[in-house]
Amino acid sequence: MERPGRLPPLSALRMFEAAARLGSFSRAADELFVTHGAVSHQIRALEEQLGFPLFLRQGRQVNLTPAGEELLASTNAALRQLSDTVATLRRRMNRNRLSVSVMPSFAGRWLAPRIGDFIDRHPGAEVNITATNELTDFSRDAVDVCIRWGPGGYAGVRAEVLMEDEMFPVLSPALAAGRRLDRPADLAGLPLLRSDGEDWVPWFRAAGLDWPEPSAGLMISDSGLVVQAAIEGRGVVLARRSLAALALRAGKLVRPFEIGIPASHTPDSESCRSFDYPAAFESRPRWRYWIVLPERRADTPLLADFLAWLRAEAAADLATPLGPAAAPALNAPPQAPAAG
């Protein structure tokens, strides 16, 4: 094995690679959790050591010189190979450790109630569940697999659909008691809970209602927490099937109508104020649950077992009935129409 030639400090090369790849010293500082000044200082020191410039600086904008372009290609390849090797060694040395990154809503309402079964099957395994909405960088984060909810199209990773989803109204049995709930218009007068990006208007249109998007009442950013609010009798929520299924089967929630819509997400809720259903809704990508894995990393036996268990649990969940629908209270007095 040959001795490597003289190299600049690894820290300087890392900062150069990040700044060159991202095209910004500030974005490189954010990625590496350092200050903008630290990045600028390291790169200037690197240029002085090399004896030639790597960036052309024009105000806040920086562009690579031809030498910088060449150094970026080799530095990026070397750092990626090094990170892959380190990740492989870590996994090889601890094959009984599994790290899963998952959104908080799915972690709390779907995965947590089920994960005990997998742990019971692997009593010697260390299973770490990280509930976060942050994107995972497999080259930096010690994560084996991510479960994400979105439209797909993820680059630089392996991704497969775990589970389809739909959305429909649910409410607590106590709130449904004594109310007529045999048609969608009977929701008038009931508080409609809202979750960020999961608008009511598409379901209204599918149910034949011309109601506007609710603008008052409880708004919760987390989809799992808004389901919990419905369980506590705070109102009716347009819930994802995946997040409401266990509560429906346990009788903590009821589903008054069979009408459901494909799960999707509106980044800007204001876009639904004048929603043109069905054309506008159907043009949006359908959101699904995805298994996301590193592109160039072999699965350990523990990860392979987890993926098989996860797929089986998802298939069983979709195949299991949700429980009886809410029986309409035929003798209940009609409810007052919703205000506004």
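A salt bridge is a side-chain nitrogen of Lys or Arg within 4 Å of a carboxyl oxygen of Asp or Glu. Keep that in mind as we look around this predicted model, where local features need pLDDT of at least 70, side-chain atom pairs count only at pLDDT 80 or more, and totals for chains, interfaces and linings use all residues. Residues are numbered from 1 along each chain as its sequence is written, and side-chain values use heavy atoms, leaving out hydrogens and water.

A search of the whole structure finds 16 salt bridges. Here are some of them:

| Pair | N to O distance |
|---|---|
| Arg21 and Glu31 | 2.7 Å |
| Arg311 and Glu160 | 2.8 Å |
| Arg114 and Glu313 | 3.6 Å |

Arg114 lies in helix H5 and Glu313 in helix H11, so this pair ties together parts 199 residues apart in sequence. (Helices, H or I with at least four residues, and strands, E with at least two, are DSSP runs numbered from the N terminus.) Arg114 is buried, with a relative accessible area of 11%, whereas Arg311 is partly exposed at 36%. Buried means under 20% relative accessible area, exposed over 50%, and partly exposed in between, using a 1.4 Å probe and protein chains only.

Salt bridges with shared partners also join Arg114, Arg241, Arg249, Glu313 and Asp317 into one network.

What about the helices themselves? The axes of H5 (residues 104–121) and H11 (residues 301–319) come within 11 Å and cross at roughly 130°. These axes are lines fitted to C-alpha atoms, for helices over the stretch in contact, with angles from 0 to 180 degrees between N-to-C directions.
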